[in-house]
Amino acid sequence: MSDQDDRPAASSRTLDLAVATLIFLLGALVIYDSWRIGARWAEDGPQSGYFPFYIGLLICGSSIATFIRGLSDAKAAARPFVTLGQLRMVLSMLVPTVIYAGLIRYLGLYVASTLFIGLFMIWLGKYGWLKTALVSVGVSVVSYMLFEVWFRVPLPKGPLETLLHLN
Amino acid sequence: MEEINALMHGFAVALSPFNLVLMMVGVVLGVLIGVLPGLGGANGVAILLPLTFTMPPTSAIIMLSCIYWGALFGGAITSILFNIPGEPWSVATTFDGFPLAQKGRAGNALTAAFTSSFFGALVAVILITFLSPVIARFALEFGPPEFFSVYLLTFCAFVGMAKGKAMKTISSMMIGFALAAVGLDTVTGQLRLTFGFTDLLQGFDFLIAVIGLFGIGEILQTLEEGLAFKGTNAKMDMKVVIQTWKELPRYWATALRSAAVGCFMGIVPGGATPASFMSYGVAKRFSKDGDKFGTGVLEGVVAPETAAHAAGTSALLPMLTLGVPGSPTAAVLLGGLLIWGLQPGPLLFVEQKDFVWGLIASMYLGNIAGLIVVLTTVPLFAAILRIPFSIIAPVILVVCAIGAYTVHNSMLDVYLMVFFGVMGYVFKKLEYPLAPLVLALVLGDRAEASFRQAMLMSQGDMQIFFSNALVGGITGLALFLLFWPLVSTLLGVLRARLAQQEQ
């Protein structure tokens, strides 16, 4: 199990080059949009796109430099960006988080948070249903008190709150 | 002296019961934030910022800055007990702090860390008390070209001090500028970089970026080592504290040196993180026990902690006087000031005396409160980290999500937070520095505005940036810092070649 985990998912160098390329594309996007608005000098001063245009140029320039440097970086090629084991750990947190963020819109923040915390407690912490329910619902109730009642900061709510007339 | 009078007036403002309560709450929250990974100083302040919208600005900033001090103190707790830096600037504290804990001397290490932090912050606050009115008076002479040159200096300093990562620093910084440019251009009314998405009209909020980059990104990185926080126990009682206090005066030279490094790095803007590393390195070089550094030497804890706190505190000096934050957290505080409608910069000292001196007075009080709180509650905070990961991790993420949402009551911000989180994780691993990105995001609009105003004044002539001694001096320094590493590498190569020829 640990042998598998130590295998690299991708080398540092691969990611370095990939990210440099992405940054270059971002810079190109910035240059394109700035040029579209107008990146030259008007009579009354720089046009709207003047500043972003040069920013875009610097982005592209620096990313090219990083790319070239990265090509010859042998140490980075040997070093893993992340091992399979590490990647698994990171994804096991990241994927539920993405789902959680997506669910907030449909279920409201409190219900989504309860499910999110509950998921981790059952899956990772191997807790029983009762403890999980107590903690996850408890945290949501405390947050509700804290934000809705005390700070008076409204957070997104969903069908459950509508049902309970807590809107 | 005028400053002392102003300071006394500030104390009067700060010592209201409401503000004192906020101070204590702030410090406790701050330590909690500093202890929990993912809720860092910049991040924690960013999350709690929207909650202070209903408070008067003076009280709000007192609480937020106390959160900042608390976080500065709290980062050391996890570094020493768990070998997990609670804050980026606590990394250097782990070098000697954790070995000390492993040797059973956690209490000594913690006391040393807290006391050094207090000392560093105190030096910095005294510096702020006497230096800021001077700089503010000086800065009242500043016009757009001068302001732009100061911004330029800030950014060039980052690039110049980047040591081998100059290109990545530039990329990071420029991405920050690009993100700042998204949205409505206030001068011409044109939409920039929005590509038809009306949601992007207001641009990217630095708070969301900070929560994502520094919060989620850091959690993801901590996760690599496994889904648990393992740590050592700490025994804290008065005996240990006094015993350590008796030992500390021995390191007065280290403390002063580190405080100096810290104050410099806070003002120049480097921030608390580089300050802690630099002073660790310097202390190691100058100390008699230099080679024992890394095995658990008290001095190895004194140096980074003093510097980090001195830097973190003195970062507020340029923020208040010039409107240029010296660290990511100061950048967030600056953002807060702007949101409350206050203009950081020299006018603050003239028009908002209550606010400024109330804040400075609260720095003294907040640090004392912080030291007391932290010395007495270490076991409590250490226990919090023993809450199983499966509970505490999702709770931290929920807090981050709430924080992101409450900025603009927008779900988009929550999604952006996750995106920034992944970006922060990848950037950190590939050694793209995040501080320039955040700084550029916060300052981008103002830097651009100063540039455009300067250009309007000079009708497009770049020479305005060298038009008088002040502007020319700062711009020159900026360019020097920018190109110095290049020049020094070339000189090094030349020297090596000459030496070869002589052989």
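Predicted model: local features only at pLDDT ≥ 70, side-chain atom pairs only at ≥ 80, totals over all residues.
Pro154(A) is partly exposed, because 13 other C-beta atoms lie within 10 Å; a residue is buried with 20 or more other C-beta atoms within 10 Å of its own, exposed with 12 or fewer and partly exposed in between, the C-beta atoms being placed from the backbone. Pro154(A) sits in the loop between helix 7 (129-150) and helix 8 (159-163) of chain A, where helices (H or I, at least four residues) and strands (E, at least two) are DSSP runs numbered from the N terminus.

Residues are numbered from 1 along each chain as its sequence is written, and chains are lettered from A and ligands numbered from 1 in the order in which they are written.

- The buried residues of helix 5 of chain A include Met89(A), Met93(A), Tyr100(A) and Leu107(A).
- Those buried residues pack against strand 4 (80-83) and helix 6 (109-123) of chain A, and also against helix 9 (206-223), helix 18 (389-408) and helix 19 (411-429) of chain B.
- Gly108(A) follows helix 5 of chain A and has a positive phi, near 85 degrees.
- Chain A is assigned domain 1 (2-83) and domain 2 (108-163), with bounds from an automatic or database domain assignment.
- The centres of these two domains of chain A, taken over C-alpha atoms, are 40 Å apart.

**Where the chains meet**

- In all, 51 residues of chain A are in contact with 46 residues of chain B, contact meaning that two C-beta atoms, placed from the backbone, lie within 7 Å.
- On the side of chain B that touches chain A, at least two residues each come from helix 8 (166-181), helix 9, helix 18, helix 19 and helix 20 (435-458).
- Helix 18 of chain B supplies the largest share of that side, 11 residues.
- That side of chain B has 32 nonpolar, seven polar and seven charged residues; Ala, Val, Leu, Ile, Met, Phe, Trp, Tyr, Cys and Pro count as nonpolar, Asp, Glu, Lys and Arg as charged, and the others, Gly among them, as polar.

**The largest nonpolar core**

- The largest nonpolar core has 218 residues, and Ile80(B), Val210(B), Met417(B) and Val438(B) touch the most other members; such a core is a set of buried Ala, Val, Leu, Ile, Met, Phe, Trp, Tyr and Cys residues joined through C-beta atoms within 7 Å.
- Helix 4 (residues 57-82) of chain B gives the most to this core, 17 residues.
- Both domain 1 (2-83) and domain 2 (108-163) of chain A give residues to this core, so it lies between them.
- Val438(B) touches Gly176(B), Phe206(B), Ala209(B), Val210(B), Pro328(B) and Ala331(B), not counting residues up to four places away in sequence.

**Inside chain B**

- Ile216(B), in helix 9 of chain B, counts as buried because it has 29 C-beta neighbours inside 10 Å.
- Leaving aside neighbours within four places in sequence, Ile216(B) is in contact with Cys400(B), Met417(B), Val418(B), Gly421(B) and Gly424(B).
- Ala121(B) lies in helix 6 (residues 106-139) of chain B and is buried, with 31 C-beta neighbours inside 10 Å.
- The C-alpha atoms of Ala121(B) and Cys263(B) are separated by 9.0 Å, although the two are 142 residues apart along the chain.
- Of the 12 residues of helix 5 of chain B, 10 are buried, so this helix is largely enclosed by the rest of the structure.

- Most residues other than glycine have a negative phi.
- Glu431(B) is not a glycine, yet has a positive phi of about 65 degrees.
- Glu431(B) is in the loop between helix 19 and helix 20 of chain B and is partly exposed, with 14 other C-beta atoms within 10 Å.
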